[in-house]
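Here is a short briefing to read beside the model. It starts with a pocket and then widens out.

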Amino acid sequence: MTKRVLLYLVLAAGAFVSVFPYLLVVLTAVKTRAQLSSTAPWLPPLPPTASNLTEMLAGDFPRYVLNTALMTLALTAGQLVFTTFAAYAFARLRFRGRDVLFWLYVATMMVPSAVTMIPLFLIMRELGLVNTWYGLLAPYILGTPYGIFLMRQFFKGLPAGLEEAARIDGAGPLAILVRIMLPLCRPALGTLAIITVISSWNSFLWPLIITSGDETKVITVAIATLKSGIGVDYNLMMAGSLIALAPMVAVFIFFQKHIVRSVALTGLK
């Protein structure tokens, strides 16, 4: 009994540490500048105010939210389509150098993304794609090593007899993928979609480098540039962060069981 109580206390402490930064975001977003400077950060404001949220929503911030939603939708759709084709080829099709090519591609996950930012920017500049939607989407819309690895592992776990039976019936590789494999790998596709949505929504470094105008600015860059003439306006930054955080919290709440189930089915840790 004592061990169980201690375990729950440790879990509760860990949960509090994890949730506390989000609590500070909410509390700061509903404070005035005077309240922020006169009260402790973890104390609620009396009374709370919605002026920061109203000011953010009345400006250009909704446009940046829309830009982020469009970017996330495009990247998620591209990831699901191209990653599925690549993973199926690596898992089921036989061609010379397949495994070597796959592991070389997966090995790129060990390279920090910051290392490739400057080469990517130079490529996009030579192509005339700086500050365009094409430049923003091009490096990631065709798939990622992690996504291809996840889908390949799922494809390899499916019974080979299903594919052989479909071949006997005259189905080709594309028909097998669309009619047989895709309906069975919906859990993995759901996991990939959720991971892509979260990573795309929170993407900061590449949008910061490749974009400079309001037409392509996303919310992470917009929040980072919320500065007044005398410094950082933390109230507005937290209000913008709260607006940006709300969709991701909703995604986690509604799809957390699906994420856990998908990870268990794919065997990934």
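Which residues line the second largest pocket? They are Tyr22, Ile198, Asn202, Leu245, Met248, Val249 and Phe252. The model is a predicted one. The protein has 14 helices and two strands.

**Second largest pocket**

- This pocket holds about 240 Å³ of space.
- Helix H14 (residues 234-266) supplies the largest share of the lining, four residues.
- The lining is made up of six nonpolar residues, one polar residue and no charged residues.

**Largest pocket**

- The volume of the largest pocket is about 790 Å³.
- The pocket is lined by 29 residues, and those closest to its centre are Ser113, Pro139, Tyr140, Thr144 and Pro145.
- Two or more lining residues come from each of H4, H6, H7, helix H8 (145-157), helix H11 (186-201) and H12.
- H11 gives the largest share of this lining, with five residues.
- By class, the lining has 19 nonpolar residues, ten polar residues and no charged residues.
- A general point on such searches: a probe the size of a water molecule, rolled over the atoms, shows where empty space is left.

**Helix H6 and what follows**

- Does the span of H6 (residues 113-126) agree or disagree with its residue count? At 1.5 Å a residue, its 14 residues should span 20 Å, and the end C-alpha atoms are 20 Å apart, so the two agree.
- Met117, Leu120 and Met124 are the buried residues of H6.
- In an α-helix, residues three or four places apart point the same way, because there are 3.6 residues a turn.
- The buried residues of H6 pack against helix H7 (133-141) and helix H12 (205-210).
- Asparagine 131 sits in the loop between H6 and H7.
- Asparagine 131 also takes a positive phi, about 60 degrees, although it is not a glycine.
- As a general rule, most residues other than glycine have a negative phi.
- Asparagine 131 has a relative accessible area of 28%, so it counts as partly exposed.

**Arginine 92**

- Arginine 92 belongs to helix H4 (residues 61-92).
- Is arginine 92 buried or exposed? Its relative accessibility is 12%, so it counts as buried; the cut-off for buried is under 20%.
- A polar atom of the arginine 92 side chain lies 2.9 Å from the backbone oxygen of phenylalanine 155.
- Beyond its neighbours within four places in sequence, arginine 92 is in contact with Arg98, Phe155, Leu158, Pro159, Ala160, Glu163 and Met181.

**Aspartate 60**

- Aspartate 60 is in the loop between helix H3 (51-58) and H4.
- With a relative accessible area of 44%, aspartate 60 is partly exposed.
- How far apart in space are aspartate 60 and alanine 222? Their C-alpha atoms are 9.3 Å apart, while 162 residues separate them in sequence.

**Whole protein**

- The C-alpha trace spans about 75 × 65 × 30 Å along its principal axes.
- Of the 269 residues in the protein, 36% are buried.
- Among contacts between residues at least 6 apart in sequence, 75% join residues at least 24 apart.

Technical notes. Residues numbered from 1 in each chain as written. Predicted model: local features only at pLDDT ≥ 70, side-chain atom pairs only at ≥ 80, totals over all residues. Heavy atoms only, no water. Buried < 20%, exposed > 50% of the residue type's maximum accessible area, 1.4 Å probe, protein only. Polar contact = N/O pair within 3.5 Å; in protein donor to acceptor, adjacent residues only side chain to side chain. Contact = heavy atoms within 4.5 Å. Expected span 1.5 Å × (residues − 1). 1 Å grid on protein atoms, 1.4 Å probe; cavity = no way out; pocket = protein on both sides within 12 Å on 5 of 7 lines; lining within 4 Å. Points joined across faces, edges and corners; volume = space filled by probe spheres on them. Nonpolar A, V, L, I, M, F, W, Y, C, P; charged D, E, K, R; others polar.
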